Amino acid sequence: MNIYLIIAIIFMIVAIIALLFFSSYTKLKKYKEKMDKVESIIDENLNKKLDLIISINGDVKKATGKKDYLKDYVSLRDLIITNIEKDLKLDEALKLINDLMQDFDELNNDPNFNKNINELRKIDEVLVSAKNMFNQNAVESNQLIKNFPNNLVAKVVKLKIRSFYNNNKIEEQF
């Protein structure tokens, strides 16, 4: 067989492999960028939610006679935790705030407290939408990563199966 023919066949095989790699990489990168963008929206809104809870803590202290019910949640700013963990903790804080609202009528009559509660509700609406979008992209991305040849490309570029938000629990898909 002619040496030029062998070189041409090897070149074609390498070109096909490179084309498959680039195609897979492009798909995976698209999902990663979407998820990173949505995760930054989630991060921003979780920080706003934490700021409001810190503000509400002052109102709660006034209404409850200086008792610091939310101190564990106020300290979240200093912890290095994932957005999923932060979301769970802030949801716990909201449940506690709802319980306090039922126990202390002064809170319900405080205009600043009510303004902050309304802001929290708006932030939660944004978070629900963002988490749904993140989950949808995580499911699609994780399915791609598990299939050949995307799984090989994902290993090369160090992409991993992503956790997602679901029912206020940290869950791994599959």
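Tutor: In this predicted model, a residue is called buried under 20% relative accessible area, exposed over 50%, and partly exposed in between.

Student: Why is Leu-5 called partly exposed?

Tutor: Leu-5, which is found in helix H1 (residues 3-64), has 41% relative accessibility and therefore counts as partly exposed, since the class covers what lies between the 20% and 50% cut-offs.

Student: Which residues form a nonpolar patch on the surface with Leu-5?

Tutor: The patch is formed by Leu-5 together with Ile-9, Ile-13 and Ile-17, and these residues have about 360 Å² of accessible area together.

Student: What makes Asn-83 count as buried?

Tutor: Asn-83 lies in helix H3 (residues 83-103), and its relative accessibility is 11%; because buried means under 20%, Asn-83 counts as buried. Leaving aside neighbours within four places in sequence, Asn-83 is in contact with Glu-39, Ile-42, Asp-43, Leu-46 and Tyr-165.

Student: And why is Asn-151 called partly exposed?

Tutor: Asn-151 belongs to helix H6 (residues 150-156) and has 25% relative accessibility, so this residue counts as partly exposed. Not counting residues up to four places away in sequence, Asn-151 touches Leu-144, Ile-145 and Lys-146.

Student: How do you know that the span of helix H5 is close to the expected one?

Tutor: Helix H5 (residues 111-146), with 36 residues, reaches 52 Å from its first C-alpha to its last, and the span expected at 1.5 Å a residue is 52 Å.

Student: What caps the N-terminal end of H5?

Tutor: The cap is Asp-110, with a side-chain oxygen 3.0 Å from the backbone nitrogen of Asn-112, a distance that falls within the 3.5 Å cut-off for a polar contact.

Technical notes
Residues numbered from 1 in each chain as written. Predicted model: local features only at pLDDT ≥ 70, side-chain atom pairs only at ≥ 80, totals over all residues. Heavy atoms only, no water. Helix = DSSP H or I, 4+ residues; strand = E, 2+ residues; numbered from the N terminus. Expected span 1.5 Å × (residues − 1). Polar contact = N/O pair within 3.5 Å; in protein donor to acceptor, adjacent residues only side chain to side chain. Buried < 20%, exposed > 50% of the residue type's maximum accessible area, 1.4 Å probe, protein only. Contact = heavy atoms within 4.5 Å. Patch = residues over 30% accessible without salt bridge, like charges linked within 9 Å, V, L, I, M, F, W, Y side chains within 5 Å. Areas by Shrake-Rupley, 256 points an atom, 1.4 Å probe, with all protein chains shown as cover. Salt bridge = Lys/Arg side-chain N within 4 Å of Asp/Glu carboxyl O.
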